[in-house]
Amino acid sequence: MATEAQWRRVSPPRSEVPPYSQFVKSIQKSQQDDREYRIIKLDNGLEATLVHDLKADKAAASLDVAVGHLSDPDDMPGLAHFCEHLLFMGTEQFPKENEYSEFLSKNNGASNAYTSTSNTNYYFSVATAQLPGALARFAGFFHCPLFAPSCTSRELNAVDSEHKKNHQSDLWRIFQVSKHLSKDGHPWRKFGSGNRESLSKAAKDLKAKQKLPLENGNAVSANNLSIPPSPIPSRISSPTPSISSTNSENDADGGEVGRETRRRLIEWWSKEYCASRMHLCVLGKESLDELEELVSTLFSPIPNRQVDPLPMFYDHPFGPDEKGTLVSVQTIMTMHVIEISIPLEYQGFNWRHKPANFLAHFIGHEGPGSLYSYLKQKHWVSGLRAGPQVAVRGFEFFHLTIYLTSEGFKNYKSVILSTYKYLSMLRESTFERYHQEEIASLSETRFRFLEKKRPDTYVTRVAELMAKPYPKELSLVAPSVTWNWNDEYEGIPSAGGQDEVQKYLQDFRLDNSRVMLMAKAGELEKIERIDRNAVWQKEPWYGTQYRVERFGEEFLAQASICASSKNDISELYLPGPNKFIPSNLDVIRRDVPEPARRPFLIRRTPMSTLWHKEDDQFWVPKAQVYIDMRSPYANSSARAAVLTRLYTQLVTDALTEFSYDADLAGLAYNFVAHTKGLYVTLQGYNDKMAVLVEEVLAKAKKLVVDPERLTVIKEENKKNWENFFLGQSYQLSDYYGRYTMTEQQWTIDEYLKELPSITPGDVQEHIKKLLSEVNIRILVVGNMAKEESIRIAEVSEADLGRSSLSASELNDKALLLPTGCNYTWRSKILNPNQANSALTYYTHIGPVSNRHLRVTSALLAQILSEPAFDILRTKEQLGYIVSSSGWTLPGASEKGLRIVVQSERSPAYLESRVEAFLDTMKVRLEEMTLEAFEEQKSGLERKWREKYKNLTEEATTFMSHINSGHFDFYRNTIDADMLREITKDDVLSLFMSKVHPSSKTRSKLSIHMKSQKPPTKHVSTAAAQAFEVLLHETPLELNGVAWKETLGDDTPKLDAFQTYWASVLEGKEGGEALLAAIPELVAKYPLEGEGADPAQDSVTFIEDLKVFKTVLQPALDPGPMVNWGDLPAPNL
């Protein structure tokens, strides 16, 4: 940590700018980094890293608070997450609820936030000129948030919806089981995401005991809390309200329960959100002097509450009872996974030598001699990952995750013993000097040639890492670079070197580990048990079934023998020197007036085209190579598509050992199938790239199918395809929407039917046929000369046959909806426990070759995006997943507008709300001022004029134009110029003709994916009012609306409503009859979206998607939109 002598006091000349301190040492940065840095500390304790980027075309900021869900009160799980949600709902200076998001949206910006275990991060990006305005809105969240009472109930619902989105996700379920099985009373057990019940229960319990806090004899109200009320309404009603959203407006503070929940939130925020716990990073074009004055002015009002600035959690959640156990976990998806977790000390102080990462290098290695290679040869595994997990600020885990085949699952005990045998081999080995020096050298090279990232991604990482115990001058370099073991830093005690490596290895024993075995319930019942007396238990928040068994003495002894005996498995040994470490890092640098904006066509043959652009702006010794091999046989049938996929996976599998060193050395490749052929991509240091290109292509052309590996890969594909249907509902609706609009695509069901009968001979024959007719599109971008690029093209063509089809005939093609149509396709979600339905709502716009139409539709999509989120998600609370965006169809020749909603409400109801939203937008567009319209245009223009941040961004954009065959490399610039000509009438006319439901010429398709899980019944306003009438007809003189204060929900769950009235009516005459009437009234007056679907007038329902596709016309391929004339002759 920096000493006081390393700070210099600054008193700005302008009196309105509070004084602050500057860190006096220079911040060490990458040689590639042309930005300027400064660290300052405000008097309230907040520290900020300021980044001046003269070339920036987008600014960004991130504030990281050193408090997360492990600091939740024990009786309010999820409070930190709830705070993250409600914090955005207006400030004293900017009280309108969506002011922040609206400001960012119209200024080419965006924002987000996340709550972790011991920190919460908030971040945004915005056009550079608008950074001061965005920061002013952002800073207020941390010193004068409104925590608007009118938003309390709604944001409780938002947190609840987010939890329900994750409820059927194995990732979340398994994570919570692992937390739940911690030492009693340990904060790691906490339920971090929270839901409505976890956040409201404490208030409900107090209400039931009549112990809610009182002020002046009255229950706490929205107006007597310490956070000031909004001077103007912070919440604007939904412009086209449904009955439920109207009711939500009236009871949005959640009654007494909601007000108490909000009071607890404010109480917690007032204690935990302290300036000294905050780390800020701001990136902009402003000078460092300007940035520091801006930050001091806006963030100095945040109070320092005199609490621990960096709470640490050193106590590890694994005690004796947690170690030496096998935890079997039932999964939703089909999987076979072992995860070994070993307690690990906090690695923050070991930043210089990173001993846990050193061990991960060996344990997670995939080359010859590795654990993975050994287990793969036995056909027991399909993947392996290893490394430290930063659980929280204070302790970590070392995780070893092994993805098993079916055979490996049956032999899971042998897999565990083999793992500890490998750890024993590491313990007894003498690490060669090159082992550590290679790691250090590669990390230094990576840091030296770091390229810029998206500004919001960058500032988020910097802000989060500021809490680490690095010397401040090394805050940029320390997270990335590993130093040699004998290389220490001045004034810092030696830590994390070879001694720590040996110490950790001594602890990497089974009796000091927890093993988690994950699979579906039926499969877990089939395998050999360790403890027959262990029973299934249920994790309380997700309902995940798990079983804990303690390893017996005999198995522990076997593992101990493996861990302590000499390595007797000859296939296990340490890796040799890495031959892919780049030795030539020279950059071909030349003076250019400005970077070229496109690649150049430097070679054309009957089989291939080669586009090339030598790096002229990033100046890194890296290159990107894209080889797109298209064949008419790649996707000619569902069987052909499966064969093509298996082929690419077999090639990747066969190259694992060879390519792993290249990947470690910063040179990676991918070989994947797509709907028209094969895609080979290579990226990284160009020094050894030619070697990797030749090896990958040679293996692809000469592969001999290994029957046993084919069996493993078929099994993995079967799992993945079956699991797809158990994923998020909106992904399913999007998938079927995309399938419907694609000319040649097969369903996953068709793939699954073909998979079992495929033999090694089938794959071998398919490879021969596939490669007999190809057309190749190649792009080389970066630090590679033309001659090297041409050599890659020649190697690509060698031994291949030329396709008789033209390049355009091998392009993807979209299908076109007929003019004036209104189609809906409905299907059920297969997962019986998935509560969420989904809607994908698509309207067709037209061909991208029409520039005016393309630009106008992009502007319309931007204008609709923020209001869609604000109205459908924030105000109407339809669900956590809501988005509106443009949708480019396959082949990139046609585009449209797509709105997606995932919700517990029925898809038909969601569609009715989408169409009500579009009605609202008609009025908004009509009433939009010229100033507001020009702001939207300006934001989109800035987006299109953004410069590439790195070589990857540049190359992927170029390749998208080559893939489409349009070669429209200047599209963004030309579209930005044309944007100035677009009028509000153009946008309104397009909206009314192509999007609005009243249009007779629009073409619309909606996909309804409906949950089969019976919905949780809620009491609608109408049902509650009808029950009030029944109460008034009795002589009981009961308050018919008091339940709202108790339950804190304007549309409560039926069971909660019944429980409340059962307690009120207990022993009263006529009580049983009244209780019996409740479900009848709920059935008679259902909540919108829970009852019968609304009528969909003029909708044509699609019965069979495959048949429907046969009547649609394929889109026309516009071909090249620009003839660049790069080659003097058509052929070389």
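This report walks through the domains, sheets and helix packing of one predicted protein model.

## Before we start

The model is predicted, so local features need pLDDT of at least 70, side-chain atom pairs count only at pLDDT 80 or more, and totals for chains, interfaces and linings use all residues. Residues are numbered from 1 along each chain as its sequence is written, and side-chain values use heavy atoms, with hydrogens and water left out.

## Domains and annotations

The domain assignment, whose bounds come from an automatic or database source, gives domain 1 (1-67 + 90-145 + 273-311), domain 2 (147-210 + 252-272), domain 3 (325-450 + 466-563), domain 4 (600-808), domain 5 (815-1014 + 1092-1114) and domain 6 (1021-1084). The C-alpha centres of domain 4 and domain 5 are 30 Å apart. Their contact (heavy atoms within 4.5 Å) takes 37 residues from domain 4 and 45 residues from domain 5.

Residues 261-431 are 36% helix and 26% strand, with end C-alpha atoms 56 Å apart. For residues 859-958 the figures are 61% helix and 18% strand, with end C-alpha atoms 23 Å apart. Here helices (H or I, at least four residues) and strands (E, at least two) are DSSP runs, numbered from the N terminus.

## The sheet of eight strands

Let us follow the strands in order. Strands of a sheet pair through backbone hydrogen bonds, either parallel or antiparallel. Two strands pair if DSSP finds at least two bridges between them. An open sheet of eight strands runs β1-β2-β3-β4-β10-β5-β7-β6, with mixed pairing. β1 (7-10) and β6 (110-115) stand at the edges with a single partner strand each, so one side of each has no neighbour in the sheet. From one strand to the next, the twist averages 20°.

Inside this sheet, β5 (residues 59-65) and β7 (residues 120-126) run antiparallel and are joined by seven bridges; Ala59 has Val126 of β7 as its bridge partner. Helix α9 (residues 288-299) lies across β2 (20-23), β3 (36-42), β4 (47-52), β5 and β10 (278-284), at about 25° to β3. Helix α15 (residues 455-465) lies across β3, β4, β5, β6, β7 and β10, at about 30° to β5. For these angles, axes are lines fitted to C-alpha atoms, for helices over the stretch in contact, and values run from 0 to 180 degrees between N-to-C directions.

## The sheet of six strands

Another open sheet has six strands in the order β27-β28-β26-β29-β25-β30, again with mixed pairing. Its edge strands are β27 (881-888) and β30 (1100-1102), each pairing on one side only. Neighbouring strands are turned by 20° against each other on average, direction ignored.

β26 (residues 837-847) and β29 (residues 1004-1010) are antiparallel and share six bridges, with Thr840 opposite Ile1007 in β29. Helix α28 (residues 907-927) packs on the sheet, touching β25 (822-828), β26, β28 (894-903) and β29, and its direction makes about 45° with that of β26.

Strand β17 (residues 545-550) is antiparallel to β11 (residues 325-330), with five bridges between them; Val329 has Tyr546 as its bridge partner in β17. β17 also pairs in the antiparallel sense with β16 (residues 537-538) over two bridges, and Lys538 is partnered by Gln545. β16 and β17 form a hairpin with six residues between them, and Gly543 in the turn has a positive phi of about 75°.

How do helices α19 and α25 pack? Helix α19 (residues 638-654) meets helix α25 (residues 760-772) at an angle of about 95°, with their axes 9 Å apart. The two are therefore roughly perpendicular to each other, a label for angles of 65 to 115 degrees (under 35 counts as roughly parallel, over 145 as roughly antiparallel, and the rest as oblique).

The contact is made by Arg639, Ala640, Leu643, Thr644, Tyr647 and Leu650 of α19 and by Asp762, Val763, His766, Ile767, Leu770 and Leu771 of α25. By class, this contact has eight nonpolar, two polar and two charged residues. Nonpolar covers Ala, Val, Leu, Ile, Met, Phe, Trp, Tyr, Cys and Pro, charged covers Asp, Glu, Lys and Arg, and the others, Gly among them, count as polar.
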